[in-house]
Amino acid sequence: MTSAPRVRRLKAPSDPECATDPLCCAPIGDAVLGQTDAERLSNVLKALADPGRLRLLSLIRAAPAGEVCVGDLVDALDLSQPTVSHHLRILTDAGLLDRERRGNWVWYAANDARLTEVRDLLQ
């Protein structure tokens, strides 16, 4: 990922010439993250801040069908079923996973729209 080079300000806001410099004291744009969005993103990042949850998300995203049954995840991670379910609940509550109950089993798929939203906010 490459980004445009940053333009550095050369004058301090207290400099008398600052008023004529378009880069000095320029108003901050509308791209500032609002309080609600910041809280939502913070919750998502907290959900991702666990190695087990990152592995779960990785396994689900890499699944050939794009979805995984909770039983398959328990076997793949060598974790107890309650631990896997706990991590899946946190990822689902953060909006990173979609879940669907089919009979006695629950299937999970990555919420690509939410992951794209998070990725865009971090760029």
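Student: In S3, which residue is the bridge partner of Cys-69?

Tutor: A word on the model first: it is predicted, local features need pLDDT of at least 70, side-chain atom pairs count only at pLDDT 80 or more, and totals for chains, interfaces and linings use all residues. Residues are numbered from 1 along each chain as its sequence is written, and side-chain values use heavy atoms, with hydrogens and water left out. S1 and S3 pair in the antiparallel sense over three bridges, where pairing requires that DSSP finds at least two bridges between two strands. In S3, the partner of Cys-69 is Trp-107.

Student: Thanks! In what order do the elements of the protein run from the N terminus?

Tutor: The protein has five helices and three strands. These are DSSP runs, numbered from the N terminus: helices are H or I with at least four residues, strands are E with at least two. Read from the N terminus on, the order is α-α-β-α-α-β-β-α.

Student: Which strands stand at the edges of the sheet?

Tutor: The three strands form an open sheet in the order S1-S3-S2, with antiparallel pairing. Two of them have a single partner strand each, so one side of each is left without a neighbour in the sheet. These edge strands are S1 and S2.

Student: By how many degrees are neighbouring strands of this sheet turned against each other on average?

Tutor: Angles here run from 0 to 180 degrees between N-to-C directions, and axes are lines fitted to C-alpha atoms, for helices over the stretch in contact. For this average over neighbouring strands, direction is ignored, and the value is 25 degrees.

Student: In the hairpin of S2 and S3, which residue takes a positive phi?

Tutor: S2 and S3 run antiparallel and are joined by six bridges; Leu-97, for instance, has Ala-110 of S3 as its bridge partner. The hairpin has two residues between the strands. The positive phi, near 65 degrees, belongs to Gly-103.

Student: What is the relative accessible area of Tyr-108?

Tutor: Tyr-108 sits in strand S3. Leaving aside neighbours within four places in sequence, its contacts (heavy atoms within 4.5 Å) include Ile-60, Val-68, Leu-88 and Leu-97. Tyr-108 is buried, and its relative accessible area is 7%.

Student: Within what arc do the buried residues of H3 fall?

Tutor: In H3 (residues 70-77), the buried residues are Val-70, Gly-71, Leu-73, Val-74 and Leu-77. They line one face of the helix, because the directions from the helix axis to their C-beta atoms fall within an arc of 160 degrees.

Student: And which residues of H5 are on the same side of that helix?

Tutor: H5 spans residues 112-122, and three of its residues, Arg-114, Leu-115 and Val-118, are buried. They cover an arc of only 100 degrees around the axis, which puts them on the same side. Elements covering them include H1, H2 and S3. The residues you asked for are Arg-114, Leu-115 and Val-118.

Student: Are H2 and H4 roughly parallel or roughly perpendicular to each other?

Tutor: H2 and H4 pack with their axes 10 Å apart, at an angle of about 80 degrees. Angles under 35 degrees count as roughly parallel, over 145 as roughly antiparallel, 65 to 115 as roughly perpendicular, and the rest as oblique. H2 and H4 are therefore roughly perpendicular.

Student: How many residues in the contact of H2 with H4 are nonpolar?

Tutor: Residues making the contact include Leu-56, Leu-57 and Ile-60 of H2, along with Val-84, Leu-88 and Leu-91 of H4. Ala, Val, Leu, Ile, Met, Phe, Trp, Tyr, Cys and Pro count as nonpolar, Asp, Glu, Lys and Arg as charged, and the others, Gly among them, as polar. Two residues of the contact are polar and one is charged, while the nonpolar ones number seven.

Key. Buried means under 20% relative accessible area, exposed over 50%, partly exposed in between (1.4 Å probe, protein chains only).
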